[in-house]
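Welcome, and thanks for taking a look at this one with us. Please open the model and keep it in view while you read the briefing.

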Amino acid sequence: MKRFTLIELLVVIAIIAILAAILLPALSRARDRGRQIKCTGNFKQYIQGFQQYAGNNRDFWVPYFYTSPTSRWCENIDLIDAVGVRVWNRNWGGAYWDANLICPSAVYASPDASAPDRFRHVPRAVGMVWKGADGLPGTTPGTTHKNRVFKLNRIKNPSIRLALLDHRKDDQSDYWAANPTRYFTYGESRETEGSTGVAYRHLKRANAAYFDGHVASHAPDDLYRGSVPSTDEFLRRWFPYDNWNASGANSNSEGVQWY
């Protein structure tokens, strides 16, 4: 029986190493692409739930944040039912949704020690656009995001208006949060908290859902153009009511800064 020489073994090992170097990146991209497809499906289910909620509530979108009782959009039981998602606890654990409906690449959304592993923390995975919204009827609007809500019949061209995005750490999104430096610096790590931001977790792209119900994948340049966006058309996607103030000062009737 012929035995392999040392040279022949080294050649075989070298060939295997070359093949691994070629195939592993391709396999990694295929895995990431599969996760992006899964995440896109999740976003479609989210936005359909939002639209159903609006249909049941006189065209009012899901409010971002109630102050009485205190709850975020992802804890809204009517939305939870419209999306059709199982949550940790309907009374006090609504911000933890079934892991099957959270992006598999959103490692930062893994539950705290107190939550069951089959749930994920929504505010660490999905961000909601809120700037420029109306005051919530029957409440006193906050100066920031509290007690504010959009109404669909006031939104022109909903197909260009951002509603939900892949996010990290916090579930409120705006133009500044789209700065890619934030995500590319901190990624999904929970050891380095960093700051909130759009999560470009899918091959350096982020999924986004729009008010008309479609979902798209965006590169950083699609969402962020530096400290001063060059065109109104670009800012328009971040303000469903077109009510930003280009000067950045709170002098317009709604008091909405463009940033």
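The notes below go from the whole chain to one strand with its partners, and then to a pocket.

This is a predicted model. The protein has 259 residues, of which 47% count as buried. Its secondary structure comprises five helices and twelve strands.

**Overall picture**

- Among contacts with a separation of 6 or more, 59% are between residues 24 or more positions apart.
- The protein exposes about 13200 Å², and 54% of that area is supplied by carbon and sulfur atoms.

**Strand 11 and its cover**

- How many residues of strand 11 are buried? Five of its five residues are, so to speak, under cover, and the strand is described as mostly covered.
- In a regular strand, side chains alternate between the two faces of the sheet.
- On one side of strand 11 you will find Ala206, Ala208 and Tyr210, with Asn207 and Ala209 on the other.
- Both of these faces are covered, and the five residues named are all buried.

**Partners of strand 11**

- Strand 11 spans residues 206–210 and strand 12 spans residues 215–218; the two pair in the antiparallel sense over four bridges.
- Which residue of strand 12 is the bridge partner of Ala206? That partner is His218.
- Strand 11 and strand 12 form a hairpin, with four residues between them.
- Gly213 lies in the turn of this hairpin and has a positive phi of about 110°.
- Strand 11 also pairs with strand 8 (residues 162–168), again in the antiparallel sense, over three bridges.

- How much space lies in the second largest pocket? The value is about 160 Å³.
- Its lining consists of Asp32, Arg35, Ser105, Val107, Tyr183, Glu188, Tyr200, Arg201, Leu203 and Lys204.
- By class, the lining residues of this pocket divide into four nonpolar, one polar and five charged.

Definitions and conventions. Residues numbered from 1 in each chain as written. Predicted model: local features only at pLDDT ≥ 70, side-chain atom pairs only at ≥ 80, totals over all residues. Heavy atoms only, no water. 1 Å grid on protein atoms, 1.4 Å probe; cavity = no way out; pocket = protein on both sides within 12 Å on 5 of 7 lines; lining within 4 Å. Points joined across faces, edges and corners; volume = space filled by probe spheres on them. Nonpolar A, V, L, I, M, F, W, Y, C, P; charged D, E, K, R; others polar. Buried < 20%, exposed > 50% of the residue type's maximum accessible area, 1.4 Å probe, protein only. Contact = heavy atoms within 4.5 Å. Areas by Shrake-Rupley, 256 points an atom, 1.4 Å probe, with all protein chains shown as cover. Pairing = 2+ DSSP bridges.
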